[in-house]
Amino acid sequence: MGGVAVDVGADRVKAPDGGWGWAVLAGCFVITGFSYAFPKAVSVFFKELILEFGVGYSDTAWISSILLAMLYGTGPLCSMLVNCFGCRPVMMVGGLFASLGMILASFSTSIIHIYLTVGVITGLGLALNFQPSLIMLNRYFSEKRPLANGLSAAGSPVALCCLSPLGQVLQYQYGWRGGFLILGGLLLNCCVCGALMKPLVAPKTIPTKDMEQDTEEGAEEAERKKKKPKAKLLDFSVFKDCGFVIYTVAASIMVLGLFVPPVFVVSYAKELGNEDTKSALLLTILGFIDIFSRPTCGVIAGLSWVRPRCVYLFSFALIFNGTTDLVGSQAKDYTSLVVYCVFFGISYGMVGALQFEVLMAIVGTERFPSAIGLVLLMEAIAVLVGPPGAGRLLDATKNYMYVFILAGSEVVLAAVVLATCNLLFIKRKPSAPADQLENVTVTDDDAKTEVFSKPAEVNDEEEKEPGEEQEKETVEEAKEELKEEEEEEEEEEERDKEKVEEVRQENETADSQEVETLLKEPQQNGDAAVSAEA
């Protein structure tokens, strides 16, 4: 679990770590921003919706809750669609759904219509964009993946800082109906981001000049006869991975308390006697710190001596975040709340940058589409329980201190579960760390990937540590597995060559027969001429 899986794509193509991957990263940045910031940006229109439909604050709060539930709860559905149709078509259809929901919402005549359009349709559209974008990011980046994840995650605070003021301007200029219509048009950019998700294809090898045409045809026929295993729509075998189970349990506990403080910090400041503008400024401070925290944490996670232990860095980020909540619960004035938001922004950014990086490291590229869908489904339950449960606690105690203590305790518990179970139950890593790979070559003829790995150089002191010894054993096991795979592939190559030789022999036999017939024809013609003269 602490190691990094060898990442090759669906067609066993090595991640390019650059090139078109930067365009994919830009698309992921925008999609992440829309997915996480949009449920909060829509809350700007709640006051007008209350006046329009004569409902209460709790009724309008269900809009954001349904949005988040669709974003997380449709994870398995997104996984099946991606495994069936690919990332690009799913994302482009999702962009149309997201836009259609907001456009239809502008014609709503009741709050129920808003639930169905903004909550269900737009929420489904954002989910169909969010999960495939993470899958494509994982396929395009391997060595630079922690940095890519950090930069992509930074889209959330950036979009929040942009969409919330934009929503206020649209509400003031055009009302909530006009604002929804314009936001629907803005969400069409998800289709553009989906178009950037070009699937990886293995490079084609140039045929040699002396290769004959019949040889190529024979090789193509042999390739066609190979049986390809059917891809699973949803791979439940990830639950056999102990590391994945530990991560899922810890992530579900984490979500119970992670999103609670940003929801209540503004109300907490107002209760302490601060003005509305000063209270709202706390979220701006939190988001500004978050923007820089995520890429910085991505750079740190990508260091060679940190990346194999990224799960422990994630555990530290959770402990940091939970401890910040526990200390922040004792805030008594505005200055202390500002300090709390600064440290919360740092820790929140670290968690955001690392949560999917750790999952990618545990399951690898091939099983990641199914794994993230199942994890998001488990987190959806916690998302629906966490903030409402904190609200009930607030109603019962009338004290924000207990809300922050509960949230901090849940996040710290998640860190303890993750780190402790990793130490106790994860003794061997499933595959060699990616930073120990030197090169990967892909050939189109036999669709074979040769991986040459070399153990990283370690100091004498590090060799004594049990963790390093386990890494060496893991590398040796990976070498043995690769050798076995190469032997199997060589046997398949020999079979293909035999088939090609058979085709050649048949062609040569046919050619020799034609030559014999041609030689016999002149003789027959000569005999006929002699008989005629006689």
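Colleague: Let's start with Tyr 340. Is Tyr 340 buried or exposed?

Modeller: This is a predicted model. In it, Tyr 340 has 5% relative accessibility, and buried means under 20%, so Tyr 340 counts as buried.

Colleague: And Phe 404, buried or exposed?

Modeller: Phe 404 counts as buried, at 2% relative accessibility. The rings of Tyr 340 and Phe 404 have centres 5.7 Å apart and planes at 75 degrees. Planes over 60 degrees apart count as edge-to-face, so that is what this pair is.

Colleague: Which helices do Tyr 340 and Phe 404 lie in?

Modeller: Tyr 340 is in helix α15 (residues 334-397), and Phe 404 is in helix α16 (residues 400-425). The pair therefore ties together parts that are 64 residues apart in sequence.

Colleague: Which residues form an aromatic cluster with those two?

Modeller: Tyr 268, Phe 344, Tyr 348 and Tyr 400 form one aromatic cluster together with Tyr 340 and Phe 404.

Colleague: How many aromatic pairs does the structure hold?

Modeller: There are 16 aromatic pairs in the structure. One of them joins Phe 53 and Trp 176, with ring centres 5.7 Å apart and planes at 65 degrees, so that pair is edge-to-face.

Colleague: Where in the chain are Phe 53 and Trp 176?

Modeller: Phe 53 belongs to helix α2 (residues 46-53) and Trp 176 to helix α8 (residues 155-186). They are 123 residues apart, and the pair links distant parts of the chain.

Colleague: Why does Phe 53 count as buried?

Modeller: Because its relative accessibility is 19%, and the cut-off for buried is under 20%. Trp 176 is buried too, with a relative accessible area of 4%.

Colleague: Switching to the surface. Which residues form the nonpolar patch?

Modeller: The nonpolar patch consists of Phe 236, Phe 239, Val 245 and Val 249. Together they have about 340 Å² of accessible area. Val 245 sits in helix α11 (residues 242-258), and at 33% relative accessibility Val 245 counts as partly exposed.

Colleague: What about charge? Which residues form the negative surface patch?

Modeller: The negative patch is formed by Glu 484, Glu 485, Glu 487, Glu 488, Glu 490, Glu 491, Glu 492, Glu 494 and Glu 498.

Colleague: Take Glu 492. Which helix does Glu 492 lie in?

Modeller: Glu 492 is part of helix α18 (residues 466-533). With a relative accessible area of 38%, Glu 492 is partly exposed.

Notes. Residues are numbered from 1 along each chain as its sequence is written. This is a predicted model: local features need pLDDT of at least 70, side-chain atom pairs count only at pLDDT 80 or more; totals for chains, interfaces and linings use all residues. Side-chain values use heavy atoms; hydrogens and water are left out. Patches are made of residues with over 30% relative accessible area and no salt bridge: like charges are joined within 9 Å, nonpolar side chains (Val, Leu, Ile, Met, Phe, Trp, Tyr) within 5 Å. Accessible areas come from the Shrake-Rupley method with a 1.4 Å probe; for residues, only the protein chains shown count as cover. A salt bridge is a side-chain nitrogen of Lys or Arg within 4 Å of a carboxyl oxygen of Asp or Glu. Lys and Arg count as positive and Asp and Glu as negative; His and the chain ends are not counted. The place of a charge is taken as NZ of Lys, CZ of Arg, CG of Asp or CD of Glu. Helices (H or I, at least four residues) and strands (E, at least two) are DSSP runs, numbered from the N terminus. Buried means under 20% relative accessible area, exposed over 50%, partly exposed in between (1.4 Å probe, protein chains only). Rings of Phe, Tyr and Trp (its six-membered ring) pair if their centres lie within 6.5 Å; planes under 30 degrees apart count as stacked, over 60 as edge-to-face and the rest as tilted.
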